[in-house]
Amino acid sequence: MKVISLSTEQAPLISIPLRFFITAPLFLLLAGIILVSGTGNPFASIHTPALLAATHCITLGFMSMIMLGATHQILPVVVGRPMPISWLTAWLTFIPLALGALLLSAGLMLSKPVWLNLAWPLLGLAFITFISASLMSLAQAPARNHTKTAILLSILALAGTIALGMLLAHGHANGFLLPYAKLATAHIGLSLGGWIMLLIVGVSYQVVPMFQITPNYPEWLGIFLAPALFIVLLLSLLPLMPNSEQHRVTIFAQTLFWFLASSFAVTTLILQSKRRRRVADATLSFFRLGMVSLICAAMFGLAPLFFPDIDHLAMLSAVLFLLGFAMSLMHGMLYKIVPFLVWFHLFRCGVKISVPNMKEIIAEKWMWRHLWLHCSTLIAAIFSLWWDMAVWLVSLGLLLQSIILGYSLVTAILLYKHILKRIEVI
Amino acid sequence: MFSNLMHELDVRGLPPPEPFENIIKTLTTLPAGAVLKVHIHREPFPLYEILLDGGYTWQTTRLKDGNFLIRISHTP
């Protein structure tokens, strides 16, 4: 048995995470517009300007915006230590991230080197601030759990992602001679497989058992999964070494990564099948869609090793990972975290009679509508690899999703302000 | 002699925010000098700030089975 002592004053102001969350849907809308603004099918190649711009809108403007906001909230709740000077850290990450994501997407779409040269220092500032503050918080945190390890490794992967991303943007804008293909592969691997995957793994260790009332993740999985994923990612970086011919290592690392990712997805689905309260829940369905998509992404990610002549398999895997897995989980987590935050901060005000039930804060019917719309967008994105017209459906889907998500979040914020005003009057 | 001063609450397996609500509800009826022993499945970091605001002291113990035991009492 272990006696734990803790610091208090842990919860950041509610405005800090909500600022990030409410901005994210705007980038989803922008991604939808960008996809149909280019010439031809943007999904034809990973290098089309429209796909590059839309992808960065989604990964930086939407996903990283949510992940940074969520980390501000998660660190004090899960490891017991907030970000240092959280209001200042939040502003120093939020503003440069929003501006940097806009400039980078516009610069990639319109091939404007000046905008790229403005974007990468802004994004560098945002992420270096975030990484430094998070590492300080983790170093001082009293808690010892698997989530803390996964978040730490995720942030280290983010540091690599950002270093490579800044180098790529700077080199691209100024015409430097660099091994772009190798650097881009490492950038994508660290971003999707490291920063996004590891943070989702770490947060799921808490969110799935806590909100979905499932058994805890097995202890062995908590101990080994995040470090194993991180080691595999490091292995996948070996081709960056000069004069390196590491084809076999790359194949080994890819195979192991998809095996580990699938293990996480299968374990999560098994845990969810053992949940104690068997009621339909849109956020649970977002998680299940995400886990099934991750298994499919692994299958299509490994398929080129056995069927090298079939086109689009790697792109299909990327679409399933990004839209099917990562985006589904972001939606599912937001629909749990935001009502909880609103409830918690109203509860802290001390007038318990006025506090609504968590389920009343965002109407569940809108979550279900969003889920079906998200499924349709994912299917359209898969078809768009072969059928050009489906790109319009993807664009429309992203646009409508941004409206539904934005509406749900605004509803929650207005409810919070309304009740807060009533409490102040009392 | 002190049995009436020891109260127990088990909130293991309840979804958020029910553990929170049950603990606060029980604390409102906790007599002065009494101790509330809470059995909970995860460490409730956000609760601590509310306990401090409400004038309570607490001691958290991590148990071998992964659950937590929190002893809460009024600050003397």
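How many positive and how many negative side chains does chain A have, and how far apart do the centres of the two sets lie? Here are some notes, with the reply to that in the first point.

1. **Charges.** Chain A carries 23 positive and 10 negative side chains. The centres of these two sets are 11 Å apart. Please keep in mind as you read on that this is a predicted model.

2. **Fold at a glance.** You will find 12 helices and one strand in chain A.

3. **Overall dimensions.** The C-alpha trace of chain A spans about 65 × 50 × 40 Å along its principal axes.

4. Of the 426 residues in chain A, 57% are buried. The chain exposes about 18100 Å², and carbon and sulfur atoms supply 71% of that area. As for contacts between residues at least 6 apart in sequence, 78% join residues at least 24 apart.

5. **The core.** The largest nonpolar core contains 171 residues. Its members with the most contacts inside it are Phe21(A), Phe62(A), Met63(A), Met197(A), Phe264(A) and Phe325(A). Helix α10 (residues 313-348) of chain A gives the largest share of this core, 24 residues.

6. **A closer look at Phe62(A).** Setting aside neighbours within four places in sequence, which residues is Phe62(A) in contact with? The partners include Ala24(A), Pro25(A), Phe27(A) and Leu28(A). Cys57(A) is also among them, as are Met327(A), Met330(A), His331(A) and Leu405(A).

7. **Ala119(A).** This residue sits in helix α4 (residues 113-140) of chain A. Is Ala119(A) buried or exposed? Its relative accessible area is 0%, so Ala119(A) is buried, the cut-off being under 20%. Beyond neighbours within four places in sequence, Ala119(A) is in contact with Gly100(A), Leu103(A) and Leu104(A). With Leu104(A), the separation is 15 residues in sequence and 5.2 Å in space, C-alpha to C-alpha.

8. **Phe307(A).** Have a look also at the loop between α9 (282-306) and α10 of chain A, where Phe307(A) lies. Its relative accessibility is 48%, so Phe307(A) counts as partly exposed; exposed would require over 50%. Phe307(A) and Leu420(A) are 113 residues apart along the chain, and their C-alpha atoms are separated by 59 Å.

Notes. Residues numbered from 1 in each chain as written. Chains lettered and ligands numbered in written order. Predicted model: local features only at pLDDT ≥ 70, side-chain atom pairs only at ≥ 80, totals over all residues. Heavy atoms only, no water. Helix = DSSP H or I, 4+ residues; strand = E, 2+ residues; numbered from the N terminus. Buried < 20%, exposed > 50% of the residue type's maximum accessible area, 1.4 Å probe, protein only. Contact = heavy atoms within 4.5 Å. Areas by Shrake-Rupley, 256 points an atom, 1.4 Å probe, with all protein chains shown as cover. Lys, Arg positive; Asp, Glu negative; His and termini not counted. Charge placed at Lys NZ, Arg CZ, Asp CG, Glu CD. Core = buried A, V, L, I, M, F, W, Y, C linked by side-chain atoms within 4.5 Å.
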